[in-house]
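Here is a friendly tour of one model, with the sequence and the coordinates to follow along. Keep a viewer open as you read.

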Amino acid sequence: MHATDGRAAPPPPVPSLLCTPVLLWQSSGPRRLRIGAGRARAELARLTAAGALVLYDPAAPSAVELVHRHTGGPRTPIGYAALPLPVGEGVEAPRRVAREIARHGARTVAVVGGGSAMDTAKLAAVLAVGGEPRFTAGPRSGLALLSRTDRPAPAVIAFPTTLGTGSETSGVARLPIGERRSRLVCSTTLCPAGAVLDPCLTSTLPRPLLAAGALEILLRLAGPLLGPHPMADAAAEWLLEYAALVRRTADKLLSADTLPSTDRSRCGETEPAAALRLRLATVSAASHQVWPRVGVSPFAFLLWYFADTAATVTGTAKNAALARLFPAYLELALGVRGRSAWADGPRARRVARVLFPEAGPDPAHCREAAVELLRRWGIAPVAPLGADPGRLGSATVASWPRALTDITAKDAAALYERANALC
């Protein structure tokens, strides 16, 4: 190619961010995604007719109801092929389920349940063909990889009964290893082959779990924008636009006139509530796909690492730790003038203008707006983190050294201390 004056034209600009390597488990998504009311029953009928093994969470009312209703159907009896997932067995749960998968010779596994249930089924499918988690001892939390296998793992089709975890479209799974310790196992083989997003499956979620799921989705989108890592403009625009959509949707969903009454029949609540839950579920599923994350570092969501360690060490829910830390971290990020190890200040301020336009530019006012949002959603006030900030800071940096390269244990402890001071 040549310029009009005869000189060779410069090569077209290629954004260097598009060449930023992403971790392998972020590079694929489910091949089959079914979205809409009534899809769960239809897909479960199709899968069981084809011989799929059904695993379900006995603690999730919508999972039990779906499986029991389907079991009674005249054309697609499940019988022995529907198994409740073990609850409270820690590291032994996926191994026990793997033995059942192998015993049934299942080539397809349908899992109906929340994040823990889906993680257990995903791990069990790989363990059933000889895969093994590989990780080092020491830190209380961190990453693990899966060993290679010569045989393909059974295809997993996920039916999420909760909002926000995103396990139905991600290539990661949480593996508890005892003593409040866990590993985040990462592999492309963990990504489900398909997912079914049906608002009927989330119709029994109480308000606290709806709010917790909405917060997790909101922060999965906004968290990388607050952090210091470079990202492509297109990815940043997508994350910001959909973070704003999640806030608006959750505001509507959690208002008194859209939440169904507790005695309303399953899937019989007002259509707006079902549509709002489905919108959140769809955004959550999409947030794990690689296309909105082009150029985004896999370690961009710093707040997640702090919340993960706090949840693991103290034995609390991760979403509770996120809620406790978010206002303090937001204020810290907004106080950064340029870019630091903690945040990209200008980008963080743009996030605040979009998500909290009522707060103005003052970081303290934005922090208060975040606290007020959590309160309206029914999440705040949140109890202080039940561990010494210094201990939490050391555990976080030790567990996630690659993600928190330039943040010291003392720095991390200061964030935990600040979060507790806001109680």
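Predicted model: local features only at pLDDT ≥ 70, side-chain atom pairs only at ≥ 80, totals over all residues.

The number of disulfides found in the model is zero. For context, a disulfide is a covalent bond between the sulfur atoms of two cysteines.

Six strands form an open sheet with parallel pairing, in the order 1-10-7-4-2-3. At its edges are strand 1 (32–35) and strand 3 (82–84), each of which pairs on one side only. On average, neighbouring strands of the sheet are turned by 15 degrees against each other, direction ignored. Helix 4 (residues 115–127) packs on this sheet, where it touches strand 2 (53–56), strand 4 (108–113) and strand 7 (155–160). The direction of helix 4 makes about 165 degrees with that of strand 4.

Now follow the pairings from strand to strand. Strand 1 runs parallel to strand 10 (residues 194–197), and four bridges link the two; within this pair, Arg 32 stands opposite Gly 194. Strand 10 is also joined to strand 7, in parallel, by two bridges, and here Gly 194 has Ile 157 opposite. On strand 7, Ile 157 is the bridge partner of Ala 110 as well. Strand 7 and strand 4 run parallel and share six bridges. How enclosed is strand 7 by the rest of the structure? Largely so, because five of its six residues are buried.

In soluble globular proteins, nonpolar side chains tend to be buried together. The largest nonpolar core of this model holds 86 residues, and Phe 306, Leu 325, Phe 356 and Trp 377 have the most contacts inside it. Helix 5 (residues 207–226) gives the most to this core, contributing 11 residues. Another core lies apart from it, with 20 residues that include Leu 55, Ala 106, Val 109 and Ala 121.

Phe 306 deserves a look of its own. Which residues does Phe 306 contact, leaving aside neighbours within four places in sequence? They are Leu 325, Trp 342, Thr 396, Leu 404, Ile 407, Ala 412, Leu 415 and Tyr 416.

## Helix 5 against helix 10

Helix 5 also packs with helix 10 (residues 345–355), at an angle of about 145 degrees and with the axes 8 Å apart. From helix 5 come Leu 218, Ala 222, Pro 224, Leu 225 and Leu 226, which meet Arg 347, Ala 348, Val 351 and Leu 355 of helix 10. Sorted by class, this contact has eight nonpolar residues, one charged residue and no polar ones.

Is Asn 319 buried or exposed? Its relative accessible area is 16%, so Asn 319 is buried.

Not counting residues up to four places away in sequence, Asn 319 touches Ala 212, Gly 213, Leu 215 and Glu 216.

Terms used:
Residues numbered from 1 in each chain as written. Heavy atoms only, no water. Core = buried A, V, L, I, M, F, W, Y, C linked by side-chain atoms within 4.5 Å. Buried < 20%, exposed > 50% of the residue type's maximum accessible area, 1.4 Å probe, protein only. Contact = heavy atoms within 4.5 Å. Disulfide = S-S within 2.5 Å. Pairing = 2+ DSSP bridges. Axes fitted to C-alpha atoms, helices over the stretch in contact; angles between N-to-C directions. Nonpolar A, V, L, I, M, F, W, Y, C, P; charged D, E, K, R; others polar.
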